[in-house]
Amino acid sequence: MEITLALIKPHVVRNTYAMQQIRALISQNFTVLDQKEVCITKELSERFYAEHKGKYFYHRLTSFMNSGPSYALILQSEACIQKWRSLLGPTKVFRAVYADPNCIRSLYGLSDTRNACHGSDSEESALREISILFPEFDAAVGSRQAKREEA
Ligand code: IDP
Ligand code: MG
């Protein structure tokens with residue numbers, strides 16, 4: 001079983017219908033190990049998207065992620081990294097609309113920055129991103145565990 005980090009971006013969190021549809025899709029396809037609304041500060045967003053530092057869209061992206069609450073989920077299923085990314089569709093919304101009119105980014109993406117949701121791209125990224133947004137989550141046991149208690 002694999003785990004991944006799904007992040008529903010701020011403009012979708014404000015859209016009740018989109019949230020219902022996406023959460024229904026998630027519950028049909030994955031076990032949700034943890035979930036929460038999260039206010040991503042500019043600093044947290046810069047850590048989360050560190051691999052994109054220096055790209056022309058980095059400031060726009062990290063500011064957008066700081067524009068309102070996001071909704072983060074830890075998903076589990078067989079091959080869930082690829083499964084969630086294929087439900088998302090291509091990164092760029094104009095490609096998504098062309099490639100798969102029913103994918104999440106086609107339906108709820110507004111622009112390349114506001115492309116509805118994030119999905120980790122590898123096991124390593126999933127663990128890194130989960131540790132940023134769910135620092136108390138212990139992937140080894142697949143459950144929440146306060147790291148402080150271990151010390
Ligand atoms: P991914 O989210 O499909 O993994 P990445 O290449 O990792 O795509 O990019 C991270 C995020 O940066 C994207 O989800 C999108 O919001 C934003 N982004 C990527 N490429 C562009 C671009 O060309 N213009 C504007 N924003 C972009
Ligand atoms: Mg990515």
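**A walk through the model**

Modeller: Let us begin with Ser 45, which is found in helix 3, the stretch of residues 42–48; please keep in mind that this is a predicted model.

Colleague: OK, is Ser 45 buried or exposed?

Modeller: Ser 45 has a relative accessible area of 1%, and because anything under 20% is called buried, Ser 45 counts as buried. Setting aside its neighbours within four places in sequence, Ser 45 is in contact with Ile 40, Leu 61, Thr 62 and Met 65.

Colleague: New topic: which residue does UniProt mark as "active site"?

Modeller: The UniProt annotation, from an unreviewed entry, covers His 118, and this residue sits in strand 4, which spans residues 117–119. His 118 has 10% relative accessibility and therefore counts as buried.

Colleague: What is His 118 in contact with?

Modeller: If we leave aside the neighbours within four places in sequence, the contacts of His 118 include Leu 5, Lys 9, Tyr 49, Trp 84, Arg 105 and Glu 129.

Colleague: And which residues carry the "binding site" label?

Modeller: In the unreviewed UniProt entry, that annotation covers Lys 9, Phe 57, Arg 85, Thr 91, Arg 105 and Asn 115. From this set, the lining of the largest pocket takes in Lys 9, Phe 57, Arg 85, Thr 91, Arg 105 and Asn 115.

Colleague: How much space lies in that largest pocket?

Modeller: The largest pocket holds about 450 Å³ of space. It is lined by 21 residues, of which Tyr 49, His 52, Phe 57, Thr 91 and Asn 115 are the closest to its centre. The elements that give two or more residues to this lining are helix 4 (58–65), strand 4 and helix 8 (123–133).

Colleague: What classes of residue make up the lining?

Modeller: The lining of the largest pocket has 9 charged, 8 polar and 4 nonpolar residues.

Colleague: Back to Lys 9, where is that one found?

Modeller: Lys 9 is in the loop between strand 1 and helix 1 (10–13), and at 4% relative accessibility it counts as buried. Beyond the neighbours within four places in sequence, Lys 9 is in contact with several residues, among them Tyr 49, Leu 61, Asn 115 and His 118.

Colleague: How about Arg 85, where is it, and what is its relative accessible area?

Modeller: Arg 85 is found in helix 5, residues 80–88, and it is partly exposed, with a relative accessible area of 32%. Apart from neighbours within four places in sequence, Arg 85 is in contact with Gly 119, Ser 120 and Asp 121.

Colleague: Now the strands: which ones pair with strand 3?

Modeller: Strand 1 (residues 2–8) pairs with strand 3 in the antiparallel sense over 7 bridges, and strand 2 (residues 31–38) is also joined to strand 3 by 7 bridges, again running antiparallel. As examples, Leu 5 has Ile 74 in strand 3 as its bridge partner, while Glu 37 stands opposite Tyr 71 in strand 3.

Colleague: How many residues of strand 3 are buried?

Modeller: Strand 3, residues 70–77, is mostly covered, with 7 of its 8 residues buried.

Colleague: Last one, what does Phe 134 touch?

Modeller: Phe 134 is found in the loop between helix 8 and strand 5 (137–138), and it is buried, with a relative accessible area of 0%. Not counting residues up to four places away in sequence, Phe 134 touches Leu 5, Asp 34, Gln 35, Lys 36, Ala 72, Leu 73 and Ile 74.

Terms used. Residues are numbered from 1 along each chain as its sequence is written. Chains are lettered from A and ligands numbered from 1 in the order in which they are written. This is a predicted model: local features need pLDDT of at least 70, side-chain atom pairs count only at pLDDT 80 or more; totals for chains, interfaces and linings use all residues. Side-chain values use heavy atoms; hydrogens and water are left out. UniProt positions are given in the numbering used here, feature names are shortened, and annotations may be inferred rather than shown by experiment. Helices (H or I, at least four residues) and strands (E, at least two) are DSSP runs, numbered from the N terminus. Buried means under 20% relative accessible area, exposed over 50%, partly exposed in between (1.4 Å probe, protein chains only). Contact means heavy atoms within 4.5 Å. On a 1 Å grid over the protein atoms alone, a cavity is a set of points where a 1.4 Å probe fits but cannot get out, and a pocket is an open set with protein on both sides within 12 Å along at least five of seven lines; lining residues have an atom within 4 Å of a point. Grid points are joined across faces, edges and corners, and a volume is the space filled by probe spheres set on the points. Ala, Val, Leu, Ile, Met, Phe, Trp, Tyr, Cys and Pro count as nonpolar, Asp, Glu, Lys and Arg as charged, and the others, Gly among them, as polar. Two strands pair if DSSP finds at least two bridges between them.
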